[in-house]
Amino acid sequence: MKKIYISHLSEHLAEELEEEFYLKEIAMNYTEENGIPYLFLKLQDKTGIVYGRIWENNIDEQYLYFKGKVIRAWGEVLKNHKNQLEFTIQKIIPVTEYEISSFIDGLNETEREQYLSLLDKQNNLVTHAPFRELLDLVLKGQRTKLSETPVSLSCSGAYNGALLVQTVSVTSIAIQIMRSQKMYAYHPDLKIPYQEDLLITGSLLFGIGITNLYTPFPEAKKISEYSLLPKDILSIQIIESYIKEMKNHISTEDKNLLYNMIQNTYKKERLRAMNREALILNLAYTSYLQISNMEFYMTEHQQKSGAVYIPKINNYLYLSKPDIQGGIGNAPTNIHK
């Protein structure tokens, strides 16, 4: 059972510890000076990440196969040459009984229910009978997987329930863009109504194929038999399987419009015929990804301030100095993702 969290490791400096962590990464490495081999580890719990080393005399090759598992580690917390905490480890073993919520970022039960409630409200906005039946079938059939699936194995989407958050968030952004255009982008000669049911249906279903692409943490991985297909095709496959169960007839045009939206969302192609709804969904999804990734890197580097170079995005982020009164960011809410 986990006793000490990473956020409190500084209180145990130079102590011998036996503690459990999620092993996010492990790889063989060598010192620059004299090429001494060591295992480099990235250890995680729900409060953060700490790096670890296993030196040559304690290396066991089987440790490389523990990646993605919860492990128990014996070692000592020290500070490295960069004055950062590091766990010098003598031994690790896999753990079979644990509470995953102690190690993995993800929606807790309350947050999951809140997001599912929002999903149901968005679904209820659809009035077109075939689209509504299709949504009811897909979202009911995929409900559990939707609320557990990550959208990636690293960075901002690497947590259980990320697909549910993405679906609700992108749908919300798309609806707001459409409503803003309807209300404020007035042009006296343009009176073509928006296909609101199409936009909401496409927004709720464009990412559903990811439920077949990734398994949840802690042993998250890409499912090999689906890894050959792009995400839009995976979503279309699932939708087609539920269309066979429908009582209402869905027209060829409805299907093609829906699939056009899904494909344009991921591929960003402009050579095929497009419509405003597909463009809005593309913009909503792109905006969501860009903002989520930025927030991820801001969180990783929140101890810094000013212009900080982030190699993974080959760009700088400007991080404001924390405000003593309230810090950076919005006031806390029930939904934190």
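**Helix dimensions and packing**

Author: The model is predicted. Helix H7 comprises 16 residues and reaches 22 Å from its first C-alpha to its last, close to the 22 Å expected at 1.5 Å a residue.

Reader: Which elements are included in what covers the buried residues of H7?

Author: The buried residues of H7 include Leu257, Leu258, Met261 and Ile262. Among the buried residues of H7 are also Asp254, Asn260 and Gln263. Their cover includes helix H2 (129–141), helix H5 (196–205), H6 and helix H8 (276–300).

Reader: How is H6 oriented relative to H7, parallel or antiparallel?

Author: The axes of H6 (residues 231–243) and H7 (residues 252–267) come within 9 Å and cross at roughly 155 degrees. Angles over 145 degrees count as roughly antiparallel. The crossing angle therefore makes H6, relative to H7, roughly antiparallel.

Reader: How many residues of the contact of H6 with H7 are nonpolar, polar and charged?

Author: H6 passes H7 in a right-handed crossing. The contact involves, among others, Ile233, Ile236 and Ile239 of H6 and Leu258, Tyr259 and Ile262 of H7. By class, the residues of this contact are 2 polar, 5 charged and 8 nonpolar.

Reader: Which term describes H1 relative to H4?

Author: The axes of H1 (residues 109–124) and H4 (residues 162–184) come within 10 Å and cross at roughly 40 degrees. This angle makes H1, relative to H4, oblique.

Reader: What is the handedness of the crossing in which H1 passes H4?

Author: Residues of H1 including Tyr115, Leu116 and Leu119 meet residues of H4 including Leu164, Val165 and Val168. The contact has 7 nonpolar, 4 polar and 1 charged residues. The crossing of H1 past H4 is left-handed.

Key. Residues are numbered from 1 along each chain as its sequence is written. This is a predicted model: local features need pLDDT of at least 70, side-chain atom pairs count only at pLDDT 80 or more; totals for chains, interfaces and linings use all residues. Side-chain values use heavy atoms; hydrogens and water are left out. Axes are lines fitted to C-alpha atoms, for helices over the stretch in contact, and angles run from 0 to 180 degrees between N-to-C directions. Helices (H or I, at least four residues) and strands (E, at least two) are DSSP runs, numbered from the N terminus. Angles under 35 degrees count as roughly parallel, over 145 as roughly antiparallel, 65 to 115 as roughly perpendicular and the rest as oblique. A crossing is left-handed if the near helix is turned anticlockwise from the far one by less than a right angle, and right-handed if clockwise. Contact means heavy atoms within 4.5 Å. Ala, Val, Leu, Ile, Met, Phe, Trp, Tyr, Cys and Pro count as nonpolar, Asp, Glu, Lys and Arg as charged, and the others, Gly among them, as polar. The expected span of a helix is 1.5 Å times one less than its number of residues. Buried means under 20% relative accessible area, exposed over 50%, partly exposed in between (1.4 Å probe, protein chains only).
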